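Please go through the structure below from its overall build to its local details.

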Amino acid sequence: MDVLAVASEMYPLIKTGGLADVVGALPAALAPLGISVTTLIPGYPAVLRAVGKGKVVARYDDLFGGPARVLRVKSLLVLDAPHHFVRDGGAYGDPGGNDWPDNWRRFAALSSVAADIAGGAIKDYRPALVHVHDWQAAMTLAYMRHGHAHKIPGVITIHNIAFQGRFDAGIFPILGLPPSAFAVDGVEYYGGVGYLKAGLQYADAITTVSPAYAAEILTPAQGMGLEGLLNARGNRLHGILNGIDTHEWNPAVDPLIPVHYNARGLIGRRRNRAAVERKFGLAREAGPIFAVVSRLTWQKGMDILADAIPDLVAMGGRLALLGSGDRAIENALLAVAGRYPGKVGILTAYDEGVSHLLQAGADAILVPSRFEPCGLTQLYALRYGCVPVVARTGGLGDTVIDANEAAIAAGVATGIVHDANSGLALRRALQRAVTLFRQGEPWLAMQRAGMKADFSWGRSAGCYAALYRALVERAEEA
Ligand code: ADP
Ligand code: GLC
């Protein structure tokens with residue numbers, strides 16, 4: 001079965017977060033199940049550099065304001081549209097962190113090309129199904145339904161419902177959709193145009209990245225305005241947990257960490273820990289090193305963490321934080337760190353290598369998110385024997401077994417889970433972590449239990465494959 005995937009990021013070519021990891025890893029997990037995925041992504045400078053010369057498989061004289069081509073390189077399709085994607089800055093915004101003002105046009109362009117491809121624009125290529133990710137690719141399903149590919153089933157995955165791609169109604173006439181599409185059962189959303197909303201409306205199936213988040217987004221508190229539509233389409237909504245790429249993330253062979261190790265011999269972690277201390281300017285001490293690897297945003301609860309740092313230090317913990325994002329949060333963290341030299345080290349950067357080092361050398365990772373659709377860093381942490389201390393929300397609660405008395409007695413605890421959105425709950429969790437770390441034996445048991453947990457893509461890829469097959473069969477019967 002041929003599936004066309006459409007996304008705005010894909011590891012290792014372009015990554016700002018977990019979306020890229022998922023889009024990058026899922027195809028390899030589906031291949032052994034007889035599903036061949038071709039992925040369309042934008043031709044950002046980094047992508048064009050990495051893929052070099054591809055075969056031109058489609059051309060546009062005017063794709064929303066300029067010429068464009070689709071390049072094929074193995075199972076990758078790259079939309080080379082320099083007027084949209086070749087810019088100094090990030091995938092979504094300028095170097096100052098402001099969204100590009102024409103994001104609506106850039107991702108309408110990506111989506112309309114995806115729909116053209118689904119409809120046969122590339123010679124000898126006809127996907128049986130189209131799978132789009134997040135709002136940037138969501139309009140593909142609108143273009144498909146109003147174009148040649150209206151019979152091909154479409155799946156949309158919500159990685160984060162907080163990002164919806166909401167724009168003014170004034171853009172509608174430029175999108176090239178029929179006037180009838182500007183309707184409640186089309187792309188119209190609270191008087192404007194909603195890209196994610198459109199995708200959810202037109203999809204044959206909606207998935208999101210953990211079972212808990214699938215339930216949470218049906219509520220007003222977490223649905224962020226889309227809960228009504230999601231409830232109405234609830235029988236099409238599936239929570240499928242993300243997996244991790246166990247080749248990229250394997251402490252026994254990881255080229256990005258100083259010393260390799262496995263669950264039987266955790267001794268190698270000591271030298272990795274020393275490397276973390278050097279990298280983050282931490283004093284050598286007996287207490288645990290807590291790590292953070294995160295976008296610095298409100299979602300991630302980084303302001304709650306900043307307030308808890310004095311207590312973390314008072315308990316005998318140290319903090320090594322790698323993150324980038326919101327300037328105000330960065331500054332707040334840097335200000336607290338300045339007060340605790342040798343105890344708190346902060347690296348405001350995006351650095352894949354350091355993220356691996358932290359998982360391999362820190363004792364625990366903190367994920368105090370206010371909401372978290374799935375979360376991948378706690379899964380990498382489990383595999384690396386870095387104990388996750390996480391908020392009970394979304395995929396975090398689905399993947400970490402709290403070290404309560406029952407779990408410790410049964411030997412199944414893999415981390416510490418605390419109430420979300422509460423500084424007090426975070427402080428208590430930190431205290432429990434420090435205590436268990438000092439006791440030694442229960443900590444080691446958590447590390448070992450976590451390293452045994454299997455969060456590879458196997459099971460979840462099977463869920464996607466079954467869903468794809470059911471949709472294709474239904475489409476063939478219709
Ligand atoms: P989200 O997608 O919401 O940011 P996830 O936990 O799903 O959260 O995925 C985050 C991904 O980005 C992980 O692969 C994590 O290691 C990586 N990451 C986040 N911040 C950084 C950073 N500053 N440097 C390197 N990698 C980072
Ligand atoms: C989003 C979510 C994160 C999830 C990732 C991959 O960025 O914030 O929780 O793990 O997508 O699905």
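What follows is a short walk through this model, which is predicted.

The protein chain contains 19 helices and 18 strands. Its radius of gyration is 23 Å, close to the 23 Å that the globule rule gives for 478 residues, so the chain is as compact as a globular protein of that length. Along the principal axes, the C-alpha atoms fill a box of roughly 65 × 45 × 45 Å. Of the 478 residues, 59% count as buried. Among contacts with a separation of 6 or more, 70% are made by residues 24 or more positions apart. The accessible surface of the chain comes to about 18800 Å², and carbon and sulfur atoms account for 54% of that surface.

The next point is the space inside. Rolling a probe the size of a water molecule over the atoms shows where empty space is left. In this model the count is one cavity of 30 Å³ or more, and the largest cavity has a volume of about 80 Å³. Which elements supply at least two residues each to the lining of the largest cavity? They are the helix α1 (18-30) and the strands β2 (36-42) and β6 (129-133). The most comes from α1, with five residues. The lining includes Val22, Val23, Leu26, Pro27 and Leu30, and also Val37, Thr39, His131 and His133. Ala5 and Tyr468 line the largest cavity as well. By residue type, the lining has eight nonpolar residues, three polar ones and no charged ones.

The backbone has some local features to look at. Most residues other than glycine have a negative phi, and most peptide bonds are trans. The peptide bond from Tyr11 to Pro12, however, is cis, with omega near 5°. Pro12 is found in the loop between β1 (2-6) and α1, and α1 is the helix that gives the most to the cavity lining.

Phe64 sits in the loop between β3 (55-60) and β4 (68-73), while Met224 lies in the loop between α8 (220-223) and α9 (227-232).

Note on methods: Residues are numbered from 1 along each chain as its sequence is written. Chains are lettered from A and ligands numbered from 1 in the order in which they are written. This is a predicted model: local features need pLDDT of at least 70, side-chain atom pairs count only at pLDDT 80 or more; totals for chains, interfaces and linings use all residues. Side-chain values use heavy atoms; hydrogens and water are left out. On a 1 Å grid over the protein atoms alone, a cavity is a set of points where a 1.4 Å probe fits but cannot get out, and a pocket is an open set with protein on both sides within 12 Å along at least five of seven lines; lining residues have an atom within 4 Å of a point. Grid points are joined across faces, edges and corners, and a volume is the space filled by probe spheres set on the points. Helices (H or I, at least four residues) and strands (E, at least two) are DSSP runs, numbered from the N terminus. Ala, Val, Leu, Ile, Met, Phe, Trp, Tyr, Cys and Pro count as nonpolar, Asp, Glu, Lys and Arg as charged, and the others, Gly among them, as polar. The radius of gyration is taken over C-alpha atoms; the globule rule is 2.2 Å times the number of residues to the power 0.38. Buried means under 20% relative accessible area, exposed over 50%, partly exposed in between (1.4 Å probe, protein chains only). Contact means heavy atoms within 4.5 Å. Accessible areas come from the Shrake-Rupley method with a 1.4 Å probe; for residues, only the protein chains shown count as cover.
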